[in-house]
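Work through these exercises with the structure open beside you. Try each task before you read its solution.

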Amino acid sequence: MTSYGHFIGGKHVAGTSGRSADVFTPMTGEVASHVSLASVEEVDAAVHIAAAAQIGWAAVNPQRRARVMMRFLQLVLDNQKTLAELLAREHGKTVPDAMGDIQRGYEVVEFCCGIPHLLKGEFSDGVGPSIDAYSLRQPLGVAAGITPFNFPAMIPMWKFAPAIACGNSFILKPSERDPGVPMRLAELMMEAGLPAGVLNVVNGDKVAVDALLDHPGIAAVGFVGSTPIAEYIYARGASKGKRVHAFGGAKNHMVIMPDADMDKTVDALIGAGYGSGGQRCMAISVAVPVGQAAADRLMEKLVPRVEALRIGLSTDPQADYGPLVTQAAVDRVHQYCDIGIKEGADLVVDGRSFKMQGYENGFYVGSCLFDNVTKDMRIYKEEIFGPVLSVVRAKSYEEGLALCNDHEYGNGTAIFTRDGDAARDFVSRVQVGMVGVNVPIPTPLAYYSFGGWKRSAFGDLNQHGPDAVRFYTKTKNVTARWPSGVKEGVEFSMPTM
Ligand code: NAD
(Lines give C-alpha, C1' and ligand atoms only; values in the text may rest on other atoms or scores of the structure.)
Protein backbone atom coordinates (compact mmCIF):
# COMPACT_ATOMS: atom_id res chain seq x y z
CA MET A 1 0.00 0.00 0.00
CA THR A 2 1.34 3.47 -0.93
CA SER A 3 2.15 5.80 1.90
CA TYR A 4 2.45 9.49 1.11
CA GLY A 5 4.85 11.52 3.21
CA HIS A 6 5.82 15.03 2.13
CA PHE A 7 7.97 16.50 -0.65
CA ILE A 8 10.39 18.93 0.94
CA GLY A 9 13.75 20.26 -0.24
CA GLY A 10 13.49 18.43 -3.57
CA LYS A 11 12.85 14.96 -2.17
CA HIS A 12 10.26 12.72 -0.59
CA VAL A 13 10.44 12.69 3.19
CA ALA A 14 8.50 10.48 5.55
CA GLY A 15 6.03 12.07 7.93
CA THR A 16 7.11 12.18 11.57
CA SER A 17 3.92 13.36 13.30
CA GLY A 18 2.56 9.85 13.78
CA ARG A 19 -0.78 11.03 12.33
CA SER A 20 -2.16 9.96 8.97
CA ALA A 21 -5.40 9.75 6.96
CA ASP A 22 -6.81 7.15 4.59
CA VAL A 23 -6.90 7.82 0.85
CA PHE A 24 -9.66 5.83 -0.88
CA THR A 25 -10.27 4.43 -4.31
CA PRO A 26 -13.83 5.75 -4.75
CA MET A 27 -14.54 3.19 -7.51
CA THR A 28 -14.26 0.32 -5.06
CA GLY A 29 -14.55 2.03 -1.70
CA GLU A 30 -11.24 0.48 -0.61
CA VAL A 31 -8.45 2.27 1.24
CA ALA A 32 -5.67 2.59 -1.35
CA SER A 33 -3.03 4.47 0.63
CA HIS A 34 -2.29 6.58 3.66
CA VAL A 35 -1.20 10.17 3.76
CA SER A 36 0.85 11.71 6.55
CA LEU A 37 -0.61 14.70 8.35
CA ALA A 38 2.13 17.19 9.12
CA SER A 39 2.85 18.61 12.55
CA VAL A 40 3.64 22.25 13.32
CA GLU A 41 7.35 21.32 13.49
CA GLU A 42 7.28 19.70 10.05
CA VAL A 43 5.62 22.80 8.56
CA ASP A 44 8.21 25.01 10.24
CA ALA A 45 11.07 22.95 8.78
CA ALA A 46 9.52 23.19 5.29
CA VAL A 47 9.15 26.98 5.58
CA HIS A 48 12.83 27.36 6.50
CA ILE A 49 13.91 25.23 3.54
CA ALA A 50 11.62 27.18 1.19
CA ALA A 51 12.90 30.53 2.51
CA ALA A 52 16.53 29.53 1.96
CA ALA A 53 15.79 28.31 -1.59
CA GLN A 54 13.83 31.46 -2.49
CA ILE A 55 16.85 33.78 -2.31
CA GLY A 56 18.69 31.96 -5.11
CA TRP A 57 15.54 31.40 -7.14
CA ALA A 58 14.59 35.10 -7.10
CA ALA A 59 18.05 35.86 -8.49
CA VAL A 60 17.50 33.55 -11.49
CA ASN A 61 16.51 35.78 -14.38
CA PRO A 62 12.90 35.55 -15.59
CA GLN A 63 13.85 33.99 -18.95
CA ARG A 64 15.48 31.06 -17.15
CA ARG A 65 12.55 30.73 -14.80
CA ALA A 66 10.31 30.63 -17.88
CA ARG A 67 12.41 27.82 -19.36
CA VAL A 68 11.78 25.70 -16.24
CA MET A 69 8.06 26.32 -16.80
CA MET A 70 8.39 25.30 -20.46
CA ARG A 71 10.13 22.02 -19.56
CA PHE A 72 7.52 21.35 -16.85
CA LEU A 73 4.73 22.01 -19.34
CA GLN A 74 6.25 19.44 -21.71
CA LEU A 75 6.61 16.89 -18.90
CA VAL A 76 2.97 17.33 -17.90
CA LEU A 77 1.93 16.84 -21.53
CA ASP A 78 4.13 13.74 -21.83
CA ASN A 79 2.66 12.30 -18.61
CA GLN A 80 -0.91 13.53 -18.97
CA LYS A 81 -2.48 10.09 -19.44
CA THR A 82 -0.79 8.47 -16.41
CA LEU A 83 -1.48 11.55 -14.30
CA ALA A 84 -5.14 11.39 -15.37
CA GLU A 85 -5.36 7.71 -14.42
CA LEU A 86 -3.91 8.40 -10.98
CA LEU A 87 -6.21 11.40 -10.56
CA ALA A 88 -9.29 9.40 -11.57
CA ARG A 89 -8.33 6.58 -9.22
CA GLU A 90 -8.05 8.85 -6.14
CA HIS A 91 -10.79 11.38 -6.95
CA GLY A 92 -13.35 9.22 -8.73
CA LYS A 93 -13.89 11.44 -11.79
CA THR A 94 -13.63 9.75 -15.19
CA VAL A 95 -10.31 9.66 -17.04
CA PRO A 96 -11.47 12.07 -19.83
CA ASP A 97 -12.67 14.48 -17.13
CA ALA A 98 -9.32 14.12 -15.36
CA MET A 99 -7.53 14.91 -18.66
CA GLY A 100 -9.48 18.21 -18.68
CA ASP A 101 -8.55 18.89 -15.04
CA ILE A 102 -4.87 18.58 -16.01
CA GLN A 103 -5.29 20.66 -19.17
CA ARG A 104 -6.94 23.56 -17.34
CA GLY A 105 -3.90 23.45 -15.02
CA TYR A 106 -1.18 23.33 -17.65
CA GLU A 107 -2.79 26.18 -19.56
CA VAL A 108 -1.84 28.36 -16.58
CA VAL A 109 1.72 26.97 -16.80
CA GLU A 110 1.68 28.01 -20.49
CA PHE A 111 0.67 31.52 -19.41
CA CYS A 112 3.57 31.54 -16.94
CA CYS A 113 6.03 30.75 -19.74
CA GLY A 114 5.55 34.43 -20.67
CA ILE A 115 6.72 35.63 -17.25
CA PRO A 116 9.54 37.89 -18.58
CA HIS A 117 6.90 39.92 -20.37
CA LEU A 118 4.39 39.74 -17.53
CA LEU A 119 6.87 41.08 -14.97
CA LYS A 120 7.79 44.17 -16.98
CA GLY A 121 7.36 47.32 -14.90
CA GLU A 122 6.56 50.86 -15.94
CA PHE A 123 9.02 53.63 -16.81
CA SER A 124 8.53 57.37 -17.15
CA ASP A 125 11.42 59.27 -18.61
CA GLY A 126 12.28 62.78 -17.41
CA VAL A 127 9.59 63.35 -14.78
CA GLY A 128 11.78 66.15 -13.33
CA PRO A 129 15.24 67.61 -13.92
CA SER A 130 17.42 64.53 -14.70
CA ILE A 131 14.81 62.41 -12.91
CA ASP A 132 13.15 59.21 -14.13
CA ALA A 133 10.40 57.27 -12.37
CA TYR A 134 9.83 53.53 -12.65
CA SER A 135 8.17 50.61 -10.96
CA LEU A 136 9.40 47.07 -10.35
CA ARG A 137 7.55 43.90 -9.49
CA GLN A 138 9.41 41.83 -6.92
CA PRO A 139 8.57 38.44 -5.38
CA LEU A 140 7.02 38.23 -1.92
CA GLY A 141 9.18 35.41 -0.49
CA VAL A 142 7.52 32.13 0.51
CA ALA A 143 3.88 31.68 -0.54
CA ALA A 144 1.53 28.87 0.49
CA GLY A 145 -1.37 27.26 -1.36
CA ILE A 146 -4.14 25.26 0.30
CA THR A 147 -6.22 23.39 -2.26
CA PRO A 148 -9.45 21.33 -2.43
CA PHE A 149 -10.04 17.73 -3.46
CA ASN A 150 -12.11 18.43 -6.55
CA PHE A 151 -9.36 19.61 -8.93
CA PRO A 152 -6.18 17.99 -7.62
CA ALA A 153 -4.15 18.89 -10.74
CA MET A 154 -5.65 22.16 -11.95
CA ILE A 155 -5.83 24.16 -8.73
CA PRO A 156 -2.34 23.24 -7.43
CA MET A 157 -0.94 24.35 -10.83
CA TRP A 158 -3.02 27.58 -10.68
CA LYS A 159 -1.34 28.28 -7.36
CA PHE A 160 2.29 27.22 -7.62
CA ALA A 161 3.03 28.01 -11.28
CA PRO A 162 2.49 31.80 -11.14
CA ALA A 163 3.99 32.06 -7.64
CA ILE A 164 7.18 30.29 -8.70
CA ALA A 165 7.41 32.02 -12.08
CA CYS A 166 7.31 35.35 -10.19
CA GLY A 167 10.37 34.29 -8.14
CA ASN A 168 8.73 33.03 -4.96
CA SER A 169 9.18 29.66 -3.37
CA PHE A 170 6.06 27.72 -2.52
CA ILE A 171 4.52 25.33 -0.03
CA LEU A 172 1.52 23.44 -1.32
CA LYS A 173 -0.89 21.85 1.15
CA PRO A 174 -3.12 19.76 -1.12
CA SER A 175 -6.33 18.04 -0.11
CA GLU A 176 -5.66 15.02 2.06
CA ARG A 177 -8.29 13.12 0.04
CA ASP A 178 -6.27 12.94 -3.22
CA PRO A 179 -2.62 13.88 -2.69
CA GLY A 180 -1.13 11.62 -5.41
CA VAL A 181 -1.20 14.02 -8.35
CA PRO A 182 0.13 17.06 -6.44
CA MET A 183 3.09 14.93 -5.23
CA ARG A 184 3.77 13.78 -8.79
CA LEU A 185 3.61 17.38 -10.08
CA ALA A 186 6.30 18.36 -7.56
CA GLU A 187 8.52 15.55 -8.86
CA LEU A 188 7.98 16.77 -12.44
CA MET A 189 8.95 20.33 -11.43
CA MET A 190 12.26 18.93 -10.12
CA GLU A 191 12.75 17.02 -13.36
CA ALA A 192 12.13 20.28 -15.21
CA GLY A 193 15.13 21.83 -13.43
CA LEU A 194 13.52 23.68 -10.52
CA PRO A 195 16.07 24.05 -7.69
CA ALA A 196 15.37 21.94 -4.60
CA GLY A 197 13.25 23.66 -1.97
CA VAL A 198 11.47 26.07 -4.33
CA LEU A 199 8.35 23.86 -4.51
CA ASN A 200 7.45 21.82 -1.45
CA VAL A 201 4.38 19.73 -0.73
CA VAL A 202 3.32 19.37 2.89
CA ASN A 203 0.43 16.99 3.36
CA GLY A 204 -1.89 17.55 6.24
CA ASP A 205 -5.10 18.78 7.75
CA LYS A 206 -6.11 21.74 9.94
CA VAL A 207 -2.91 21.44 12.00
CA ALA A 208 -0.72 22.05 8.93
CA VAL A 209 -3.02 24.77 7.58
CA ASP A 210 -3.02 26.69 10.87
CA ALA A 211 0.76 26.35 11.11
CA LEU A 212 1.08 27.91 7.63
CA LEU A 213 -1.36 30.70 8.48
CA ASP A 214 0.49 31.58 11.67
CA HIS A 215 4.06 31.20 10.39
CA PRO A 216 5.92 34.53 10.15
CA GLY A 217 7.95 33.13 7.24
CA ILE A 218 4.90 32.84 4.96
CA ALA A 219 4.15 36.05 3.05
CA ALA A 220 1.02 35.05 1.13
CA VAL A 221 -1.67 32.38 1.21
CA GLY A 222 -3.88 31.29 -1.66
CA PHE A 223 -6.82 29.08 -0.69
CA VAL A 224 -9.55 27.24 -2.59
CA GLY A 225 -12.24 25.21 -0.85
CA SER A 226 -15.58 25.60 0.92
CA THR A 227 -16.85 29.01 2.05
CA PRO A 228 -16.67 28.54 5.84
CA ILE A 229 -13.02 27.50 5.58
CA ALA A 230 -12.25 30.23 3.00
CA GLU A 231 -13.61 32.86 5.35
CA TYR A 232 -11.61 31.42 8.24
CA ILE A 233 -8.39 31.30 6.18
CA TYR A 234 -8.87 34.87 5.01
CA ALA A 235 -9.50 36.23 8.50
CA ARG A 236 -6.73 34.30 10.25
CA GLY A 237 -4.12 34.83 7.50
CA ALA A 238 -4.89 38.55 7.16
CA SER A 239 -4.75 39.02 10.94
CA LYS A 240 -1.16 37.75 10.76
CA GLY A 241 -0.32 40.37 8.15
CA LYS A 242 -0.30 38.04 5.15
CA ARG A 243 -1.64 38.70 1.69
CA VAL A 244 -4.56 36.28 1.34
CA HIS A 245 -7.09 35.41 -1.30
CA ALA A 246 -9.52 32.63 -0.53
CA PHE A 247 -12.05 31.18 -2.95
CA GLY A 248 -15.11 29.43 -1.61
CA GLY A 249 -18.30 27.62 -2.52
CA ALA A 250 -20.98 28.25 -5.09
CA LYS A 251 -24.57 27.85 -6.17
CA ASN A 252 -24.52 28.60 -9.87
CA HIS A 253 -27.80 29.47 -11.61
CA MET A 254 -28.64 28.97 -15.27
CA VAL A 255 -31.42 31.35 -16.34
CA ILE A 256 -33.33 29.86 -19.27
CA MET A 257 -35.29 32.40 -21.28
CA PRO A 258 -38.49 31.35 -23.14
CA ASP A 259 -36.74 31.85 -26.51
CA ALA A 260 -33.76 29.59 -25.69
CA ASP A 261 -33.05 26.64 -27.99
CA MET A 262 -34.27 24.02 -25.51
CA ASP A 263 -32.35 21.06 -27.00
CA LYS A 264 -29.05 22.88 -26.83
CA THR A 265 -29.92 24.25 -23.39
CA VAL A 266 -30.61 20.77 -22.03
CA ASP A 267 -27.34 19.46 -23.51
CA ALA A 268 -25.47 22.28 -21.79
CA LEU A 269 -27.37 21.94 -18.51
CA ILE A 270 -26.94 18.23 -18.15
CA GLY A 271 -23.17 18.37 -18.71
CA ALA A 272 -22.71 21.34 -16.38
CA GLY A 273 -25.02 19.95 -13.71
CA TYR A 274 -23.90 16.34 -13.55
CA GLY A 275 -20.35 16.29 -15.00
CA SER A 276 -17.85 15.18 -12.35
CA GLY A 277 -20.89 14.19 -10.25
CA GLY A 278 -21.63 17.88 -9.64
CA GLN A 279 -18.35 18.27 -7.71
CA ARG A 280 -17.24 21.43 -9.49
CA CYS A 281 -17.35 24.95 -8.11
CA MET A 282 -18.62 26.03 -11.54
CA ALA A 283 -21.25 23.27 -11.79
CA ILE A 284 -24.77 24.49 -12.52
CA SER A 285 -26.84 23.44 -9.52
CA VAL A 286 -29.92 25.62 -10.12
CA ALA A 287 -31.88 25.85 -13.38
CA VAL A 288 -34.22 28.85 -13.60
CA PRO A 289 -36.67 28.55 -16.49
CA VAL A 290 -38.52 31.83 -17.09
CA GLY A 291 -42.27 31.42 -17.56
CA GLN A 292 -44.56 28.41 -17.29
CA ALA A 293 -44.15 27.34 -20.93
CA ALA A 294 -40.33 27.34 -20.78
CA ALA A 295 -40.43 25.41 -17.49
CA ASP A 296 -42.73 22.74 -18.91
CA ARG A 297 -40.68 22.35 -22.10
CA LEU A 298 -37.49 22.15 -20.04
CA MET A 299 -38.83 19.44 -17.74
CA GLU A 300 -40.24 17.43 -20.64
CA LYS A 301 -36.79 17.22 -22.21
CA LEU A 302 -34.67 17.19 -19.06
CA VAL A 303 -36.29 14.38 -17.04
CA PRO A 304 -35.63 11.53 -19.52
CA ARG A 305 -32.08 12.76 -20.05
CA VAL A 306 -31.34 12.79 -16.31
CA GLU A 307 -32.89 9.32 -15.96
CA ALA A 308 -30.65 8.05 -18.74
CA LEU A 309 -27.36 9.37 -17.32
CA ARG A 310 -24.76 6.66 -17.14
CA ILE A 311 -22.89 6.40 -13.87
CA GLY A 312 -19.81 4.25 -14.21
CA LEU A 313 -16.35 3.35 -13.03
CA SER A 314 -13.78 6.13 -13.32
CA THR A 315 -12.07 3.93 -15.90
CA ASP A 316 -15.22 3.49 -18.01
CA PRO A 317 -14.84 5.68 -21.12
CA GLN A 318 -18.63 5.60 -21.65
CA ALA A 319 -19.49 6.85 -18.15
CA ASP A 320 -21.05 10.32 -17.83
CA TYR A 321 -19.68 10.55 -14.32
CA GLY A 322 -18.03 8.28 -11.78
CA PRO A 323 -18.25 7.82 -8.03
CA LEU A 324 -18.06 10.71 -5.55
CA VAL A 325 -14.89 11.26 -3.56
CA THR A 326 -15.87 9.67 -0.23
CA GLN A 327 -18.74 7.89 1.49
CA ALA A 328 -19.25 11.10 3.50
CA ALA A 329 -19.93 12.94 0.22
CA VAL A 330 -22.52 10.29 -0.71
CA ASP A 331 -24.18 10.56 2.71
CA ARG A 332 -24.31 14.34 2.37
CA VAL A 333 -26.17 14.07 -0.96
CA HIS A 334 -28.66 11.61 0.54
CA GLN A 335 -29.23 13.91 3.50
CA TYR A 336 -29.92 16.88 1.25
CA CYS A 337 -32.39 14.81 -0.79
CA ASP A 338 -34.25 13.96 2.43
CA ILE A 339 -34.21 17.64 3.42
CA GLY A 340 -35.54 18.70 0.00
CA ILE A 341 -38.43 16.23 0.20
CA LYS A 342 -39.29 17.41 3.73
CA GLU A 343 -39.19 21.02 2.55
CA GLY A 344 -41.80 20.21 -0.11
CA ALA A 345 -39.73 20.12 -3.32
CA ASP A 346 -40.56 17.39 -5.87
CA LEU A 347 -37.79 14.84 -6.33
CA VAL A 348 -38.75 13.92 -9.89
CA VAL A 349 -35.63 11.82 -10.51
CA ASP A 350 -34.45 9.93 -7.43
CA GLY A 351 -31.02 8.30 -7.79
CA ARG A 352 -30.53 7.54 -4.12
CA SER A 353 -30.92 3.81 -4.41
CA PHE A 354 -28.39 3.45 -7.25
CA LYS A 355 -25.83 0.67 -6.73
CA MET A 356 -22.99 -0.16 -9.09
CA GLN A 357 -23.14 -3.88 -9.73
CA GLY A 358 -19.99 -5.60 -8.54
CA TYR A 359 -18.83 -2.40 -6.81
CA GLU A 360 -21.42 -2.12 -4.07
CA ASN A 361 -18.93 -0.54 -1.66
CA GLY A 362 -17.98 2.22 -4.11
CA PHE A 363 -19.10 5.81 -3.52
CA TYR A 364 -21.81 6.06 -6.18
CA VAL A 365 -24.91 8.24 -6.27
CA GLY A 366 -27.52 8.15 -9.00
CA SER A 367 -28.63 11.42 -10.57
CA CYS A 368 -31.23 13.45 -8.70
CA LEU A 369 -33.51 16.20 -10.01
CA PHE A 370 -35.75 18.42 -7.91
CA ASP A 371 -38.59 20.48 -9.40
CA ASN A 372 -40.57 23.29 -7.72
CA VAL A 373 -37.70 24.32 -5.48
CA THR A 374 -38.20 27.68 -3.77
CA LYS A 375 -35.71 30.18 -2.50
CA ASP A 376 -36.43 29.62 1.20
CA MET A 377 -35.41 25.93 1.01
CA ARG A 378 -32.05 24.70 2.31
CA ILE A 379 -31.48 22.68 -0.86
CA TYR A 380 -31.57 26.02 -2.71
CA LYS A 381 -29.55 28.06 -0.26
CA GLU A 382 -26.76 25.58 0.52
CA GLU A 383 -24.11 24.00 -1.67
CA ILE A 384 -24.78 20.26 -2.06
CA PHE A 385 -21.75 19.43 -4.25
CA GLY A 386 -23.21 16.30 -5.79
CA PRO A 387 -25.29 15.15 -8.79
CA VAL A 388 -28.39 17.05 -7.70
CA LEU A 389 -29.99 19.74 -9.85
CA SER A 390 -32.74 22.04 -8.54
CA VAL A 391 -35.30 23.68 -10.82
CA VAL A 392 -36.63 27.00 -9.51
CA ARG A 393 -39.45 28.30 -11.71
CA ALA A 394 -39.38 32.08 -12.22
CA LYS A 395 -42.38 34.03 -13.49
CA SER A 396 -40.29 36.71 -15.18
CA TYR A 397 -36.76 37.56 -16.25
CA GLU A 398 -36.53 40.07 -13.38
CA GLU A 399 -37.41 37.34 -10.89
CA GLY A 400 -34.73 35.05 -12.38
CA LEU A 401 -32.15 37.83 -12.23
CA ALA A 402 -33.11 38.64 -8.63
CA LEU A 403 -32.57 34.99 -7.65
CA CYS A 404 -28.97 35.19 -8.89
CA ASN A 405 -28.41 38.55 -7.23
CA ASP A 406 -29.97 37.71 -3.86
CA HIS A 407 -28.09 34.42 -3.40
CA GLU A 408 -25.21 34.58 -0.94
CA TYR A 409 -22.86 32.95 -3.47
CA GLY A 410 -21.75 34.65 -6.67
CA ASN A 411 -19.25 32.37 -8.35
CA GLY A 412 -20.63 31.57 -11.82
CA THR A 413 -23.89 31.94 -13.72
CA ALA A 414 -25.26 31.63 -17.25
CA ILE A 415 -28.14 32.86 -19.34
CA PHE A 416 -29.49 30.84 -22.25
CA THR A 417 -31.37 32.95 -24.79
CA ARG A 418 -31.48 34.09 -28.41
CA ASP A 419 -32.25 37.64 -27.35
CA GLY A 420 -29.19 39.91 -27.37
CA ASP A 421 -30.96 42.60 -25.34
CA ALA A 422 -31.74 40.18 -22.52
CA ALA A 423 -28.22 38.72 -22.61
CA ARG A 424 -26.61 42.15 -22.46
CA ASP A 425 -28.83 43.28 -19.61
CA PHE A 426 -28.03 40.09 -17.68
CA VAL A 427 -24.27 40.48 -18.17
CA SER A 428 -24.47 44.06 -16.98
CA ARG A 429 -26.72 43.63 -13.92
CA VAL A 430 -25.97 40.18 -12.52
CA GLN A 431 -23.99 40.22 -9.25
CA VAL A 432 -21.78 37.25 -10.08
CA GLY A 433 -18.07 37.10 -10.94
CA MET A 434 -18.07 34.78 -13.97
CA VAL A 435 -20.92 34.95 -16.48
CA GLY A 436 -21.78 32.77 -19.47
CA VAL A 437 -24.04 33.68 -22.39
CA ASN A 438 -25.16 30.38 -23.92
CA VAL A 439 -22.05 28.91 -22.22
CA PRO A 440 -22.83 26.81 -19.15
CA ILE A 441 -19.48 26.74 -17.34
CA PRO A 442 -17.89 30.13 -18.02
CA THR A 443 -14.50 29.33 -16.49
CA PRO A 444 -12.17 32.06 -17.72
CA LEU A 445 -9.19 31.00 -19.83
CA ALA A 446 -5.71 31.03 -18.30
CA TYR A 447 -4.89 34.54 -19.53
CA TYR A 448 -7.94 36.02 -17.76
CA SER A 449 -8.40 35.78 -13.99
CA PHE A 450 -10.78 33.46 -12.14
CA GLY A 451 -12.87 34.45 -9.14
CA GLY A 452 -16.39 34.82 -7.82
CA TRP A 453 -18.20 37.59 -5.97
CA LYS A 454 -20.02 37.82 -2.67
CA ARG A 455 -19.33 34.87 -0.34
CA SER A 456 -17.66 32.86 -3.10
CA ALA A 457 -14.39 34.75 -2.66
CA PHE A 458 -12.53 36.68 0.03
CA GLY A 459 -9.71 39.06 -0.86
CA ASP A 460 -9.45 41.33 -3.84
CA LEU A 461 -7.19 39.72 -6.44
CA ASN A 462 -8.31 36.67 -8.41
CA GLN A 463 -6.55 33.48 -9.45
CA HIS A 464 -4.34 32.99 -12.53
CA GLY A 465 -4.05 35.45 -15.41
CA PRO A 466 -2.86 39.01 -14.73
CA ASP A 467 -4.22 39.04 -11.16
CA ALA A 468 -1.95 36.13 -10.18
CA VAL A 469 1.12 38.13 -11.20
CA ARG A 470 -0.15 41.03 -9.06
CA PHE A 471 -0.95 38.71 -6.16
CA TYR A 472 2.46 37.03 -6.08
CA THR A 473 4.53 40.22 -6.43
CA LYS A 474 4.86 43.51 -4.63
CA THR A 475 5.38 46.73 -6.50
CA LYS A 476 8.32 48.97 -5.78
CA ASN A 477 8.29 52.52 -7.13
CA VAL A 478 11.62 54.21 -7.78
CA THR A 479 12.41 57.87 -8.45
CA ALA A 480 16.01 58.27 -9.63
CA ARG A 481 18.13 61.29 -10.52
CA TRP A 482 21.16 60.89 -12.82
CA PRO A 483 23.45 62.75 -12.90
CA SER A 484 23.05 63.04 -9.18
CA GLY A 485 25.00 66.26 -8.82
CA VAL A 486 22.48 68.75 -10.25
CA LYS A 487 22.47 71.64 -7.79
CA GLU A 488 19.05 72.74 -6.61
CA GLY A 489 19.53 73.95 -3.04
CA VAL A 490 17.59 72.85 0.01
CA GLU A 491 13.82 72.28 -0.33
CA PHE A 492 11.58 71.99 2.72
CA SER A 493 8.18 72.03 1.07
CA MET A 494 6.59 68.93 -0.49
CA PRO A 495 8.59 67.93 -3.62
CA THR A 496 6.49 68.59 -6.72
CA MET A 497 9.12 68.40 -9.45
P1 NAD B 1 -12.66 22.03 2.07
O2 NAD B 1 -12.95 23.44 2.46
O3 NAD B 1 -13.18 20.94 2.92
O4 NAD B 1 -11.05 21.81 2.02
C5 NAD B 1 -10.21 22.65 1.28
C6 NAD B 1 -8.83 22.65 1.94
O7 NAD B 1 -8.94 23.18 3.26
C8 NAD B 1 -8.21 21.27 2.06
O9 NAD B 1 -6.83 21.36 1.76
C10 NAD B 1 -8.44 20.91 3.53
O11 NAD B 1 -7.42 20.08 4.05
C12 NAD B 1 -8.42 22.26 4.21
N13 NAD B 1 -9.29 22.32 5.40
C14 NAD B 1 -10.47 21.64 5.58
N15 NAD B 1 -11.00 21.94 6.77
C16 NAD B 1 -10.16 22.82 7.37
C17 NAD B 1 -10.18 23.50 8.63
N18 NAD B 1 -11.17 23.34 9.52
N19 NAD B 1 -9.16 24.35 8.90
C20 NAD B 1 -8.17 24.54 8.03
N21 NAD B 1 -8.09 23.91 6.82
C22 NAD B 1 -9.08 23.06 6.49
O23 NAD B 1 -13.12 21.87 0.55
P24 NAD B 1 -13.18 20.55 -0.34
O25 NAD B 1 -14.30 19.69 0.15
O26 NAD B 1 -11.82 19.95 -0.47
O27 NAD B 1 -13.55 21.17 -1.77
C28 NAD B 1 -14.86 21.44 -2.18
C29 NAD B 1 -15.21 22.90 -1.97
O30 NAD B 1 -14.29 23.74 -2.68
C31 NAD B 1 -16.58 23.26 -2.51
O32 NAD B 1 -17.20 24.13 -1.59
C33 NAD B 1 -16.28 23.98 -3.82
O34 NAD B 1 -17.27 24.88 -4.24
C35 NAD B 1 -15.02 24.69 -3.46
N36 NAD B 1 -14.26 25.09 -4.63
C37 NAD B 1 -14.21 26.40 -4.94
C38 NAD B 1 -13.50 26.81 -6.06
C39 NAD B 1 -13.42 28.27 -6.42
O40 NAD B 1 -12.54 28.65 -7.19
N41 NAD B 1 -14.28 29.12 -5.88
C42 NAD B 1 -12.86 25.87 -6.87
C43 NAD B 1 -12.93 24.52 -6.50
C44 NAD B 1 -13.63 24.14 -5.38
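**Exercise 1. Find which residues join α1 and α8, then describe how the two helices cross.**

Step 1. Pick out the contact. V40, V43 and V47 in α1 meet V207, A208, A211 and L212 in α8. Contact here means heavy atoms within 4.5 Å.

Step 2. Sort by class. The contact of α1 with α8 has seven nonpolar, no polar and no charged residues. Nonpolar covers Ala, Val, Leu, Ile, Met, Phe, Trp, Tyr, Cys and Pro; charged covers Asp, Glu, Lys and Arg; the others, Gly among them, are polar.

Step 3. Place the helices. α1 spans residues 40–59 and α8 spans residues 206–214. Helices are DSSP runs (H or I, at least four residues) and strands are too (E, at least two), numbered from the N terminus.

Step 4. Read the geometry. The axes lie 9 Å apart, at an angle of about 45°. That makes α1 oblique to α8. Axes are lines fitted to C-alpha atoms, for helices over the stretch in contact, and angles run from 0 to 180 degrees between N-to-C directions. Under 35 degrees counts as roughly parallel, over 145 as roughly antiparallel, 65 to 115 as roughly perpendicular, and the rest as oblique.

Step 5. The crossing of α1 and α8 is right-handed. In a right-handed crossing the near helix is turned clockwise from the far one by less than a right angle; anticlockwise is left-handed.

A note on the source: this is a predicted model, where local features need pLDDT of at least 70, side-chain atom pairs count only at pLDDT 80 or more, and totals for chains, interfaces and linings use all residues. Residues are numbered from 1 along each chain as its sequence is written, and side-chain values use heavy atoms, with hydrogens and water left out.

**Exercise 2. Work out how α10 and α11 pack.**

Step 1. Locate them. α10 is residues 262–274 and α11 is residues 292–307.

Step 2. Take the angle. It is about 55°, with the axes 10 Å apart. α10 and α11 are therefore oblique to each other.

Step 3. Name the hand. This crossing is right-handed.

Step 4. Sort the contact residues. They divide into nine nonpolar, no polar and five charged.

**Exercise 3. Decide how α3 and α7 are oriented.**

Step 1. α3 (residues 80–91) and α7 (residues 180–191) have axes that come within 9 Å and cross at roughly 155°.

Step 2. That makes α3 roughly antiparallel to α7.

Step 3. On α3, the contact uses L83, L86, L87 and E90; on α7, G180, V181, R184, L185 and L188.

**Exercise 4. Which residues come nearest to the ligand?**

Step 1. There are 27 residues around the ligand, and T147, K173, E176, S226 and E383 come nearest. A residue is near if one of its heavy atoms lies within 4 Å.

Step 2. Check the ligand's oxygen atoms. One is 2.8 Å from a polar backbone atom of T147. For F149, a polar backbone atom is 3.0 Å from a ligand oxygen. E383 uses a polar side-chain atom, at 2.6 Å.

**Exercise 5. Where is the cis peptide bond?**

Step 1. The bond from W482 to P483 is cis, with omega near 0°.

Step 2. P483 sits in the segment after β23 (473–481).

Technical notes. A polar contact is a pair of N or O atoms within 3.5 Å; within protein, one must be able to donate a hydrogen and the other to accept it, and residues adjacent in sequence count only if both atoms are side-chain atoms.
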